[in-house]
Amino acid sequence: MFWFSQRAPKPQDFDAEVQPCRDAIEVIVAKGGTLTSNDFKDIWSRYKEVLAKHQHEKCGFCEARITPVAAGDVEHYGPKSEVGALSDDASTWGEEEPYSNRVAKTRSVTPLLPKGGYWWLAYEWDNYLFACGNCNQKWKRTLFPVEEAPRTLPPSRSVQETPLLLNPYDSTIDPGRHLRFTNFGAIEPRDGSRRGAETIRTCFLDRGSLTRARADDAWRATVLTRRMMRAQKNLKSSTGDMARRELALALDDLLQLGDERHIFAGMVRIIARDQTRCSWDQLVALRERLAQK
(Lines give C-alpha, C1' and ligand atoms only; values in the text may rest on other atoms or scores of the structure.)
Protein backbone atom coordinates (compact mmCIF):
# COMPACT_ATOMS: atom_id res chain seq x y z
CA MET A 1 0.00 0.00 0.00
CA PHE A 2 0.96 3.69 0.45
CA TRP A 3 2.29 3.95 -2.92
CA PHE A 4 0.57 6.45 -5.15
CA SER A 5 1.80 9.99 -5.68
CA GLN A 6 -1.69 11.43 -5.91
CA ARG A 7 -5.31 10.38 -5.85
CA ALA A 8 -7.15 9.70 -9.09
CA PRO A 9 -8.91 12.90 -10.24
CA LYS A 10 -12.61 12.80 -9.48
CA PRO A 11 -14.62 12.25 -12.68
CA GLN A 12 -16.67 15.26 -13.70
CA ASP A 13 -19.96 13.36 -13.56
CA PHE A 14 -19.32 11.73 -10.18
CA ASP A 15 -21.13 14.14 -7.84
CA ALA A 16 -24.19 14.38 -10.06
CA GLU A 17 -24.35 10.59 -10.39
CA VAL A 18 -24.13 9.85 -6.68
CA GLN A 19 -26.24 12.72 -5.33
CA PRO A 20 -29.56 10.80 -5.45
CA CYS A 21 -27.90 7.98 -3.49
CA ARG A 22 -26.54 10.43 -0.92
CA ASP A 23 -29.98 11.96 -0.55
CA ALA A 24 -31.62 8.55 -0.05
CA ILE A 25 -29.17 7.65 2.73
CA GLU A 26 -29.65 11.03 4.41
CA VAL A 27 -33.41 10.45 4.50
CA ILE A 28 -33.02 7.09 6.23
CA VAL A 29 -30.64 8.58 8.79
CA ALA A 30 -32.89 11.59 9.41
CA LYS A 31 -35.79 9.25 10.19
CA GLY A 32 -33.66 7.31 12.66
CA GLY A 33 -33.53 4.20 10.50
CA THR A 34 -30.84 1.53 10.71
CA LEU A 35 -28.73 1.34 7.60
CA THR A 36 -27.75 -1.99 6.09
CA SER A 37 -25.50 -2.73 3.14
CA ASN A 38 -28.61 -3.16 0.97
CA ASP A 39 -29.46 0.52 1.41
CA PHE A 40 -26.34 1.58 -0.48
CA LYS A 41 -26.72 1.53 -4.24
CA ASP A 42 -23.52 0.34 -5.85
CA ILE A 43 -22.67 3.26 -8.10
CA TRP A 44 -18.98 3.22 -7.20
CA SER A 45 -18.38 0.18 -9.40
CA ARG A 46 -18.96 2.38 -12.43
CA TYR A 47 -15.67 4.06 -11.61
CA LYS A 48 -13.57 0.94 -11.10
CA GLU A 49 -11.78 1.45 -14.40
CA VAL A 50 -10.73 4.98 -13.40
CA LEU A 51 -9.30 3.79 -10.09
CA ALA A 52 -7.67 0.69 -11.57
CA LYS A 53 -5.95 2.70 -14.29
CA HIS A 54 -4.68 5.29 -11.84
CA GLN A 55 -3.34 2.60 -9.49
CA HIS A 56 -1.67 0.77 -12.38
CA GLU A 57 -4.02 -2.16 -11.75
CA LYS A 58 -2.44 -2.75 -8.33
CA CYS A 59 -4.19 -3.33 -5.02
CA GLY A 60 -4.11 -0.26 -2.80
CA PHE A 61 -3.32 -2.41 0.23
CA CYS A 62 -0.99 -5.23 -0.83
CA GLU A 63 0.39 -3.77 -4.10
CA ALA A 64 -0.12 -6.99 -6.05
CA ARG A 65 -1.26 -6.75 -9.67
CA ILE A 66 -4.96 -7.58 -9.79
CA THR A 67 -6.39 -7.49 -13.28
CA PRO A 68 -4.53 -10.40 -14.93
CA VAL A 69 -6.22 -12.81 -12.49
CA ALA A 70 -9.27 -11.00 -11.02
CA ALA A 71 -11.66 -8.09 -11.50
CA GLY A 72 -10.80 -6.31 -8.27
CA ASP A 73 -13.05 -4.22 -6.04
CA VAL A 74 -13.79 -0.58 -5.39
CA GLU A 75 -12.95 -0.56 -1.69
CA HIS A 76 -14.39 1.83 0.90
CA TYR A 77 -11.47 2.83 3.12
CA GLY A 78 -13.96 3.77 5.87
CA PRO A 79 -16.61 0.98 5.86
CA LYS A 80 -20.04 2.30 4.96
CA SER A 81 -22.63 0.32 6.92
CA GLU A 82 -20.91 -1.50 9.77
CA VAL A 83 -17.63 -1.50 11.69
CA GLY A 84 -16.13 -4.67 13.10
CA ALA A 85 -13.17 -5.63 15.25
CA LEU A 86 -10.82 -8.54 15.80
CA SER A 87 -10.42 -10.11 19.21
CA ASP A 88 -7.07 -10.24 20.98
CA ASP A 89 -6.94 -13.96 20.26
CA ALA A 90 -4.74 -14.29 17.16
CA SER A 91 -6.12 -17.77 16.51
CA THR A 92 -9.39 -16.12 15.39
CA TRP A 93 -7.79 -13.84 12.80
CA GLY A 94 -7.93 -16.40 10.02
CA GLU A 95 -5.40 -18.48 8.12
CA GLU A 96 -4.41 -19.30 4.56
CA GLU A 97 -3.86 -22.76 3.20
CA PRO A 98 -0.15 -23.60 2.89
CA TYR A 99 1.28 -22.45 -0.45
CA SER A 100 -2.07 -21.04 -1.52
CA ASN A 101 -4.07 -17.84 -1.08
CA ARG A 102 -7.23 -19.78 -0.29
CA VAL A 103 -8.71 -19.35 3.17
CA ALA A 104 -8.04 -22.28 5.47
CA LYS A 105 -9.68 -20.64 8.47
CA THR A 106 -12.15 -17.80 8.13
CA ARG A 107 -11.41 -14.59 9.99
CA SER A 108 -13.78 -13.88 12.88
CA VAL A 109 -14.90 -10.23 12.82
CA THR A 110 -17.20 -9.07 15.62
CA PRO A 111 -19.62 -6.19 14.80
CA LEU A 112 -19.11 -3.25 17.14
CA LEU A 113 -22.23 -2.12 18.99
CA PRO A 114 -24.26 -0.07 18.55
CA LYS A 115 -24.02 -0.93 14.88
CA GLY A 116 -23.29 1.64 12.22
CA GLY A 117 -20.64 2.66 9.75
CA TYR A 118 -19.21 5.69 8.02
CA TRP A 119 -22.34 6.11 5.94
CA TRP A 120 -21.60 9.73 4.99
CA LEU A 121 -18.43 8.52 3.22
CA ALA A 122 -20.21 5.92 1.09
CA TYR A 123 -20.38 8.25 -1.90
CA GLU A 124 -17.25 10.32 -1.29
CA TRP A 125 -14.57 9.98 -3.95
CA ASP A 126 -11.76 10.31 -1.44
CA ASN A 127 -13.01 7.20 0.39
CA TYR A 128 -12.47 4.89 -2.60
CA LEU A 129 -9.51 2.86 -3.72
CA PHE A 130 -8.96 -0.12 -5.99
CA ALA A 131 -8.26 -3.30 -4.03
CA CYS A 132 -7.95 -7.03 -4.58
CA GLY A 133 -10.71 -9.33 -3.40
CA ASN A 134 -8.36 -11.07 -0.99
CA CYS A 135 -7.47 -7.90 0.95
CA ASN A 136 -10.96 -6.44 0.74
CA GLN A 137 -13.38 -9.35 1.08
CA LYS A 138 -11.40 -11.99 2.96
CA TRP A 139 -9.38 -9.92 5.40
CA LYS A 140 -10.17 -6.21 5.81
CA ARG A 141 -13.92 -6.62 5.52
CA THR A 142 -15.53 -4.16 8.01
CA LEU A 143 -12.37 -3.52 10.03
CA PHE A 144 -11.33 0.08 10.60
CA PRO A 145 -9.12 0.53 13.67
CA VAL A 146 -8.78 4.00 15.18
CA GLU A 147 -6.54 5.42 17.87
CA GLU A 148 -9.33 6.72 20.09
CA ALA A 149 -10.44 4.44 22.93
CA PRO A 150 -13.23 4.13 23.56
CA ARG A 151 -14.23 5.02 20.02
CA THR A 152 -17.52 6.69 19.14
CA LEU A 153 -20.17 4.12 18.27
CA PRO A 154 -21.87 4.26 15.95
CA PRO A 155 -19.40 6.48 14.10
CA SER A 156 -20.45 10.10 13.76
CA ARG A 157 -19.47 12.59 11.10
CA SER A 158 -19.19 15.24 13.81
CA VAL A 159 -16.42 13.32 15.61
CA GLN A 160 -12.83 13.53 14.39
CA GLU A 161 -10.97 10.21 14.55
CA THR A 162 -7.37 9.10 13.96
CA PRO A 163 -7.35 6.05 11.66
CA LEU A 164 -4.67 3.46 12.36
CA LEU A 165 -5.08 1.83 8.94
CA LEU A 166 -2.55 3.44 6.61
CA ASN A 167 -4.19 5.07 3.62
CA PRO A 168 -2.27 4.66 0.33
CA TYR A 169 -3.25 8.19 -0.68
CA ASP A 170 -2.42 9.97 2.57
CA SER A 171 0.69 11.98 1.75
CA THR A 172 0.91 13.36 5.30
CA ILE A 173 2.00 10.01 6.75
CA ASP A 174 5.19 8.26 5.67
CA PRO A 175 4.44 4.52 5.63
CA GLY A 176 8.14 3.80 5.89
CA ARG A 177 8.05 5.19 9.42
CA HIS A 178 5.53 2.52 10.38
CA LEU A 179 6.47 -0.52 8.27
CA ARG A 180 9.66 -2.34 7.37
CA PHE A 181 10.47 -5.28 5.10
CA THR A 182 13.09 -7.98 5.36
CA ASN A 183 15.21 -8.95 2.37
CA PHE A 184 12.91 -11.93 1.74
CA GLY A 185 9.66 -9.92 1.69
CA ALA A 186 8.35 -10.33 5.24
CA ILE A 187 6.58 -7.24 6.57
CA GLU A 188 6.84 -6.00 10.16
CA PRO A 189 5.81 -2.95 12.22
CA ARG A 190 8.72 -0.55 12.50
CA ASP A 191 9.87 0.17 16.06
CA GLY A 192 6.63 -1.10 17.53
CA SER A 193 4.46 1.26 15.46
CA ARG A 194 0.80 0.78 16.30
CA ARG A 195 -0.20 2.07 12.87
CA GLY A 196 2.11 -0.45 11.28
CA ALA A 197 0.83 -3.33 13.42
CA GLU A 198 -2.84 -2.51 12.84
CA THR A 199 -2.36 -2.06 9.09
CA ILE A 200 -0.66 -5.45 8.82
CA ARG A 201 -3.28 -7.13 10.98
CA THR A 202 -6.29 -5.48 9.30
CA CYS A 203 -5.34 -6.51 5.77
CA PHE A 204 -3.31 -9.60 6.79
CA LEU A 205 -0.33 -8.18 4.90
CA ASP A 206 1.95 -10.77 6.46
CA ARG A 207 0.06 -13.69 4.96
CA GLY A 208 2.22 -16.36 3.40
CA SER A 209 1.07 -15.90 -0.19
CA LEU A 210 2.02 -12.22 -0.10
CA THR A 211 5.36 -12.78 1.57
CA ARG A 212 6.26 -15.32 -1.11
CA ALA A 213 5.11 -12.95 -3.87
CA ARG A 214 7.25 -10.11 -2.48
CA ALA A 215 10.36 -12.22 -1.90
CA ASP A 216 12.04 -11.88 -5.31
CA ASP A 217 11.62 -8.11 -5.53
CA ALA A 218 12.70 -7.65 -1.90
CA TRP A 219 15.89 -9.60 -2.56
CA ARG A 220 16.54 -7.76 -5.84
CA ALA A 221 16.13 -4.42 -4.08
CA THR A 222 18.55 -5.53 -1.37
CA VAL A 223 21.16 -6.73 -3.87
CA LEU A 224 20.90 -3.58 -5.97
CA THR A 225 21.32 -1.26 -3.01
CA ARG A 226 24.37 -3.25 -1.87
CA ARG A 227 25.86 -2.95 -5.36
CA MET A 228 25.26 0.79 -5.26
CA MET A 229 26.96 1.21 -1.90
CA ARG A 230 29.99 -0.82 -2.99
CA ALA A 231 30.27 1.28 -6.13
CA GLN A 232 30.00 4.53 -4.19
CA LYS A 233 32.92 3.51 -1.97
CA ASN A 234 35.07 3.04 -5.06
CA LEU A 235 34.21 6.31 -6.81
CA LYS A 236 37.41 8.04 -5.65
CA SER A 237 39.68 5.07 -6.28
CA SER A 238 41.69 4.24 -9.37
CA THR A 239 38.67 2.35 -10.68
CA GLY A 240 36.36 5.35 -10.22
CA ASP A 241 35.07 5.40 -13.80
CA MET A 242 34.12 1.74 -13.61
CA ALA A 243 32.51 2.30 -10.22
CA ARG A 244 30.47 5.21 -11.62
CA ARG A 245 29.14 3.00 -14.41
CA GLU A 246 28.32 0.25 -11.92
CA LEU A 247 26.54 2.75 -9.67
CA ALA A 248 24.49 4.08 -12.60
CA LEU A 249 23.52 0.59 -13.78
CA ALA A 250 22.47 -0.57 -10.30
CA LEU A 251 20.57 2.66 -9.72
CA ASP A 252 18.76 2.34 -13.05
CA ASP A 253 17.60 -1.15 -12.12
CA LEU A 254 16.54 -0.03 -8.64
CA LEU A 255 14.56 2.95 -9.95
CA GLN A 256 12.78 0.67 -12.40
CA LEU A 257 11.98 -1.83 -9.65
CA GLY A 258 10.59 0.93 -7.44
CA ASP A 259 8.69 2.72 -10.18
CA GLU A 260 5.11 3.46 -9.10
CA ARG A 261 3.82 1.25 -11.91
CA HIS A 262 5.71 -1.81 -10.64
CA ILE A 263 4.23 -4.26 -8.15
CA PHE A 264 5.49 -3.86 -4.59
CA ALA A 265 7.07 -0.49 -5.44
CA GLY A 266 6.35 0.79 -1.94
CA MET A 267 8.25 -2.11 -0.41
CA VAL A 268 11.18 -1.52 -2.76
CA ARG A 269 11.35 2.15 -1.81
CA ILE A 270 11.32 1.37 1.89
CA ILE A 271 14.11 -1.21 1.50
CA ALA A 272 16.10 1.25 -0.60
CA ARG A 273 15.85 3.97 2.02
CA ASP A 274 16.73 1.59 4.84
CA GLN A 275 19.83 0.42 2.99
CA THR A 276 21.06 3.69 1.49
CA ARG A 277 19.69 6.23 4.00
CA CYS A 278 18.49 8.23 0.98
CA SER A 279 14.92 9.17 0.11
CA TRP A 280 13.50 8.06 -3.23
CA ASP A 281 13.68 11.64 -4.51
CA GLN A 282 17.36 11.76 -3.55
CA LEU A 283 18.02 8.56 -5.49
CA VAL A 284 16.25 9.98 -8.54
CA ALA A 285 18.32 13.15 -8.25
CA LEU A 286 21.52 11.09 -7.95
CA ARG A 287 20.75 9.31 -11.21
CA GLU A 288 20.20 12.65 -12.93
CA ARG A 289 23.59 13.90 -11.69
CA LEU A 290 25.31 10.74 -12.89
CA ALA A 291 23.74 11.19 -16.33
CA GLN A 292 25.25 14.67 -16.59
CA LYS A 293 28.81 13.46 -16.01
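Q: How many aromatic pairs does the structure hold?
A: The structure holds 13 aromatic pairs, where rings of Phe, Tyr and Trp (its six-membered ring) pair if their centres lie within 6.5 Å, and planes under 30 degrees apart count as stacked, over 60 as edge-to-face and the rest as tilted.

Q: And what kind of pair do F14 and Y128 make?
A: Their ring centres are 5.9 Å apart and their planes stand at 85°, so the pair is edge-to-face. Because F14 lies in helix α1 (residues 14–30) and Y128 in strand β6 (residues 128–131), the pair ties together parts that are 114 residues apart in sequence. Helices (H or I, at least four residues) and strands (E, at least two) are DSSP runs, numbered from the N terminus.

Q: Are F14 and Y128 buried or exposed?
A: Both F14 and Y128 are buried, and the cut-offs are under 20% relative accessible area for buried, over 50% for exposed and partly exposed in between (1.4 Å probe, protein chains only).

Q: What about Y118 and F144, how are their rings set?
A: Y118 and F144 form an edge-to-face pair, with 5.2 Å from centre to centre and 70° between the planes. This pair links distant parts of the chain, since Y118 sits in the loop between β5 (110–111) and β6 while F144 sits in the loop between α3 (133–140) and β7 (179–181), 26 residues apart. Y118 counts as buried at 5% relative accessibility, and F144 is buried with a relative accessible area of 4%.

Q: Which residues do ring pairs link into a cluster?
A: The cluster is made up of F14, F40, W44, Y47, Y123, W125 and Y128, linked by ring pairs.

Q: Before we go on, what sort of model is this, and how is it numbered?
A: This is a predicted model, in which local features need pLDDT of at least 70 and side-chain atom pairs count only at pLDDT 80 or more, whereas totals for chains, interfaces and linings use all residues. Residues are numbered from 1 along each chain as its sequence is written, and side-chain values use heavy atoms, with hydrogens and water left out.

Q: Okay, helices now. At what angle do α6 and α8 pack?
A: Helix α6 (residues 240–257) and helix α8 (residues 280–291) pack at about 135°, with their axes 10 Å apart; axes are lines fitted to C-alpha atoms, for helices over the stretch in contact, and angles run from 0 to 180 degrees between N-to-C directions. That makes α6 oblique to α8, given that angles under 35 degrees count as roughly parallel, over 145 as roughly antiparallel, 65 to 115 as roughly perpendicular and the rest as oblique.

Q: Which residues meet there?
A: From α6, R244, L247, A248, L251, D252, L254 and L255 meet W280, L283, V284, L286, R287 and L290 in α8, where contact means heavy atoms within 4.5 Å. By class, this contact has ten nonpolar, no polar and three charged residues, with Ala, Val, Leu, Ile, Met, Phe, Trp, Tyr, Cys and Pro counted as nonpolar, Asp, Glu, Lys and Arg as charged, and the others, Gly among them, as polar.

Q: How do α5 and α7 cross?
A: The axes of helix α5 (residues 208–233) and helix α7 (residues 265–276) come within 9 Å and cross at roughly 30°, and these two helices are therefore roughly parallel to each other. Residues making the contact include R214, A218 and M229 of α5, together with M267, I271 and T276 of α7. The contact of α5 with α7 has eight nonpolar, four polar and two charged residues.

Q: Where is M267, and is M267 buried or exposed?
A: M267 has its place in helix α7 and is buried, with a relative accessible area of 0%. M267 and R214 are 53 residues apart in sequence and 8.3 Å apart in space, C-alpha to C-alpha.

Q: What does T182 touch?
A: Not counting residues up to four places away in sequence, T182 touches E188, A218 and I271. T182 is found in the loop between β7 and β8 (187–189), and at 12% relative accessibility T182 counts as buried.

Q: Which residues are buried in α3?
A: In α3, N134, C135, N136, W139 and K140 are buried, and what covers the buried residues of α3 includes β1 (73–76), β3 (95–96), β4 (103–105), β6 and α4 (194–203).

Q: Last one: how many helices and strands has the chain?
A: The chain has eight helices and eight strands, and 46% of its 293 residues count as buried.
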